[in-house]
Amino acid sequence: MLLVSYQFLLFLAVLVILYYLIPKKFQWILMFTAGLLFYACGGPGGLVFVLVTVLSTWGLALSISRIPKGEKKRKSLFILGLLLNAGILAVLKYTNFFLQNINTLLEPQGVSFSYVNWLLPLGISYYTFQSVGYFTDVYLGKTEPEKNLGHYALFVTFFPQMVQGPISRYDELKDQLFKGYTYDSRRIRSGLLRMLWGYFKKLVVADRIAPLAITIAQAPEGFGGIWVWIGMVSYTIWMYSDFTGGIDIVLGVAELFGIALPENFDHPFFSKSLAEFWRRWHMSLMRWLREYIFFPISMSKSVGKLSQKARKVFGKNMGRRVPLYIASIVTWFVTGIWHGASWNFVCWGMANCIALLISQELSSWSKKFRKTHTWTESNAYGCFEVVRTFLIFCMLEMFEYYPFSSVFRLFVSMFTEFDPRQLIGGALFNMGITIQDFTILILSVALMVWTGFVSLKTPMREWLSKRPAWIRFILVYGLFLCVLIFGIYGQGYDASQFIYNQF
Amino acid sequence: MDSKKYTRFFIAALIIAGSLTALTRLLVPKYMGQVTEGAFIGEYYEDKSSHDLLILGDCEAYENISPVALWKEYGITSWIRGSAQQLIPQSYYLLEDTLRYETPKAVLLSISAMQQIEQVSETYNRMTLDGMQWSDAKLMAIKNTMMPEEHFIEYVFPLLRFHSRWSDLSEDDLKYYFHGEPTTHNGYYLRADVRPAGEFPEERRVRNPEFEAKGYEYLDKIRELCDKNGIKLMFFKAPSLYPVWHEEWNMQIEDYAGTYGIPYINALKDIEKTGIDFDTDTYDGGLHMNVYGAEKVSSYLGPMLLEAGLQDHRNEPELAVLWKEKENRYEADKAAQTKEFAEKGYLAKYAGEYTH
Amino acid sequence: MEELIEILKDIDPDVDYETCDTLVEDGVLTSFEMVMLVTDINQRMGVSIAPEDILPENFSSAKKIYELIQKSRGE
């Protein structure tokens with residue numbers, strides 16, 4: 001069941017009604033059942049893997065918590081759980097990628113393995129990370145283990161977040177999930193409004209711009225110069241509106257049931273540096289990576305020893321960098337490969353890693369620069385930083401959709417072959433979207449930018465609640481009509497899945 | 001306080017319902033230009049007179065028989081509820097739907113659709129089903145003939161289906177906003193241009209000569225519904241050269257007709273008797289008749305229809321007045337098309353290639 | 001404590017570590033800097049801090065970091 005389907009809306013309507021009709025103490029059971037049903041619609045086979053993950057992390061976490069700290073068995077059980085769950089994810093998601101590389105290597109020998117056709121359970125990257133996070137927290141003693149299997153199972157299978165995140169933490173979600181809620185029309189309105197905004201971003205913007213982004217991204221030979229710019233910006237708009245639109249729908253749906261999932265985006269395009277950007281984009285994943293990969297690796301004993309050695313051989317400055325560099329590289333490798341089983345994503349992750357480390361190395365210099373040049377505190381300079389960060393992010397994205405061998409050539413062509421005249425004469429409207437589509441896109445993106453500015457200060461829904469009723473009505477109903485009419489959905493249109501779905 | 005809240009709520013609901021209705025009217029296709037087939041089914045409801053003969057079926061029904069000619073020559077009152085790629089189940093539900101308004105004395109069913117029981121394109125479904133007024137018949141027709149990728153809700157709210165037409169809106173959408181023009185003559189699609197029949201691909205062997213069970217199921221339902229209402233049922237095969245009407249299919253219809261004593265008029269076997277000349281009587285090279293061919297088919301059908309018990313109503317003054325009007329409009333349309341075709345060699349309205 | 005301040009000065013010499021209690025919020029200590037800091041603490045003071053203790057609230061001020069060091073030393 002796609003989030004963008006009549007079936008889903010019907011499913012949701014029935015569920016909300018039932019949810020507020022039954023006694024509060026049964027609400028969580030209804031949600032759990034609904035989650036299984038929702039998941040089964042997407043492919044009953046995947047359910048088996050979900051249940052394996054639920055049972056293993058729940059059971060092992062419980063066993064671990066009963067063993068005193070420091071005992072060997074505790075650690076072995078922990079590693080067993082990690083290997084099992086990471087193993088399922090790795091095998092299902094990366095076997096073909098692995099075989100592909102083996103085949104490339106062995107091609108001269110004439111050896112070739114045939115690819116596997118295993119099913120990839122919906123949202124496996126999300127729920128695996130979420131349950132492994134909980135499991136690790138229990139092992140580290142950061143959170144109490146959940147004794148009730150049903151409660152824990154709901155945490156993993158809570159249907160709005162299952163398919164594309166956000167990745168929640170058990171200690172932050174558990175109280176909300178089982179509290180029970182009475183009907184509140186304000187909550188419903190608020191949730192519906194957030195969903196509507198999500199559908200707007202997904203249906204009106206993302207699905208409309210996708211053909212343009214794909215056309216350019218898939219033809220690195222055909223489109224250089226100005227087209228690289230257009231492809232880059234449209235790809236970023238596509239990804240942002242698709243992903244944040246999906247997340248808005250998810251958070252809105254959860255809100256209908258009284259549950260506040262963690263925010264996943266905090267105006268990322270207002271960031272003034274790439275490091276800041278990554279603290280405001282896909283926040284739940286980045287937090288997960290920071291907590292369960294970046295810090296543990298940088299503070300592990302073996303990395304510590306390596307760092308000591310480096311200190312003795314190369315001096316203090318090298319020594320203190322070793323943990324940071326090793327942890328960053330590993331973290332960004334995982335980030336890359338998590339996004340997709342291909343070298344493109346690995347390259348993209350590494351490119352981000354390098355960019356971040358460079359800016360880290362430059363930070364002391366830039367701090368000095370800022371101090372001696374007071375004009376850097378002006379708004380204009382702030383704007384410059386925001387635009388710079390946006391462009392850096394966009395350019396790094398090129399590693400994701402262009403073959404590695406073309407990225408640098410196309411990057412150079414952005415400047416050497418920059419010729420806006422190529423756009424004159426309708427060439428722009430032969431790229432899969434029409435002039436009407438362009439008009440809609442420009443207006444919609446302007447709307448998104450405007451709401452971004454407003455919500456920096458006041459959350460959009462709060463801002464809206466302060467307007468007179470009739471203005472509120474016009475704005476909300478107008479948005480609804482926009483989605484209804486300008487949304488890309490329905491017959492003759494192959495409902496494309498959310499880009500972030502299959503991860 | 002409360003009453004103020006309710007008033008507000010009421011006004012908002014009114015605005016929403018009103019604007020959605022207005023938008024739907026704007027965005028649904030008007031079927032007034034080159035593709036008029038989507039307007040056919042709905043036109044039936046505009047005609048207030050009763051009809052002795054109801055003709056049901058796909059293009060073989062609405063392009064090959066002229067009700068005006070049947071009236072002029074034989075005094076038979078008839079209406080064609082035909083639509084592009086109309087499935088046999090849809091013919092059944094259109095019969096059910098028609099029975100809500102009148103009970104004809106006879107039904108002439110074009111049986112060529114027996115060989116294609118599942119819909120091939122959702123646009124054809126929309127053209128047939130959107131034209132029907134809401135009733136149990138429409139509901140069941142949608143439910144039972146919808147293609148897998150179609151959604152029932154898109155029939156309830158056509159805006160969901162046609163919303164993307166916002167970028168294709170034309171003058172016609174405003175011109176025919178409230179009301180369209182008649183596109184047919186009692187369901188007959190009049191064409192006065194000529195394109196002689198040419199060569200057709202060689203006849204291939206039929207892969208699945210047996211009609212599907214679903215076709216027979218609905219044929220039974222049509223037969224039973226006619227029996228129940230005392231309607232004389234007849235089968236009809238139009239004299240279309242292509243697509244080929246295979247003998248295997250013909251035999252099955254003959255068998256079925258024989259079993260239940262249903263007259264089966266196969267014009268394809270009576271080409272000589274009809275007097276059709278495939279050099280002058282078809283507008284698309286032998287697939288469908290033009291008005292000259294359709295009039296010949298009507299002359300050929302008339303005596304058989306009278307024999308089946310239909311009456312000559314030409315001596316009834318009220319009907320005569322009504323049909324005189326129809327006749328005038330028909331002749332004017334025919335003359336205008338004939339003139340245009342003689343001058344240009346084609347009809348501007350249909351210049352774009354369109355086959356169904 | 002003095003040693004800690006010295007280490008912190010290495011990261012950013014312009015912060016007043018005696019008073020500032022919003023090191024993480026202000027972006028003085030990002031995750032990169034935290035790693036450098038913990039590495040330095042480990043190498044210069046011989047105290048290793050467990051990854052699970054790397055929480056923003058443990059790094060908000062020099063005092064907090066010092067408490068964390070004391071705690072880690074005890075373990």
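Helices (H or I, at least four residues) are DSSP runs, numbered from the N terminus. The views below show a predicted model.

**Figure 1. Close-up of helix α10 (residues 226–256) of chain A and the residue that follows.** At 1.5 Å a residue, the 31 residues of α10(A) should span 45 Å, and the 44 Å between its end C-alpha atoms therefore agrees with that expectation. Of these 31 residues, 26 are buried, so that the helix is mostly covered. Just after α10(A), A:Gly258 adopts a positive phi of about 85°.

**Figure 2. Close-up of the contact between domain 1 and domain 3 of chain A.** Chain A is divided into domain 1 (6–183), domain 2 (185–261 + 419–503) and domain 3 (268–402). A distance of 29 Å separates the C-alpha centres of domain 1 and domain 3 of chain A. Domain 1 of chain A contributes 12 residues to their contact, and domain 3 of chain A contributes seven residues. On the domain 1 side, the elements that give two or more residues are α4 (72–106) and α5 (124–140) of chain A. By class, this side of domain 1 has five nonpolar residues, six polar and one charged.

**Figure 3. Close-up of the contact between chain A and chain B.** Nine residues of chain A and 12 residues of chain B take part. Helix α20 (residues 469–486) of chain A provides four residues, the largest share of the side of chain A that touches chain B. That side of chain A comprises five nonpolar and four polar residues, with no charged residues.

**Figure 4. Close-up of strands β1 (residues 53–57) and β2 (residues 78–82) of chain B.** The two strands pair in the parallel sense over five bridges. B:Leu56 stands opposite B:Arg81 in β2(B). Strand β2(B) is mostly covered, with five of its five residues buried. Both of its faces are covered: B:Ser78, B:Ile80 and B:Gly82 lie on one side, and B:Trp79 and B:Arg81 lie on the other.

Figure 5. Confidence in chain A is highest in helix α1 (residues 6–21), at a mean of 95, and lowest in helix α13 (residues 301–314), at 85. Over residues 492–503 of chain A the pLDDT is below 50, and this stretch has 24 contacts in the model beyond near neighbours in sequence. Where pLDDT is low, predicted coordinates should not be read in detail.

Notes: Residues numbered from 1 in each chain as written. Chains lettered and ligands numbered in written order. Predicted model: local features only at pLDDT ≥ 70, side-chain atom pairs only at ≥ 80, totals over all residues. Contact = placed C-beta atoms within 7 Å. Nonpolar A, V, L, I, M, F, W, Y, C, P; charged D, E, K, R; others polar. Domains from an automatic or database assignment. Buried ≥ 20, exposed ≤ 12 C-beta atoms within 10 Å, placed from the backbone. Pairing = 2+ DSSP bridges. pLDDT = per-residue confidence, 0-100. Expected span 1.5 Å × (residues − 1).
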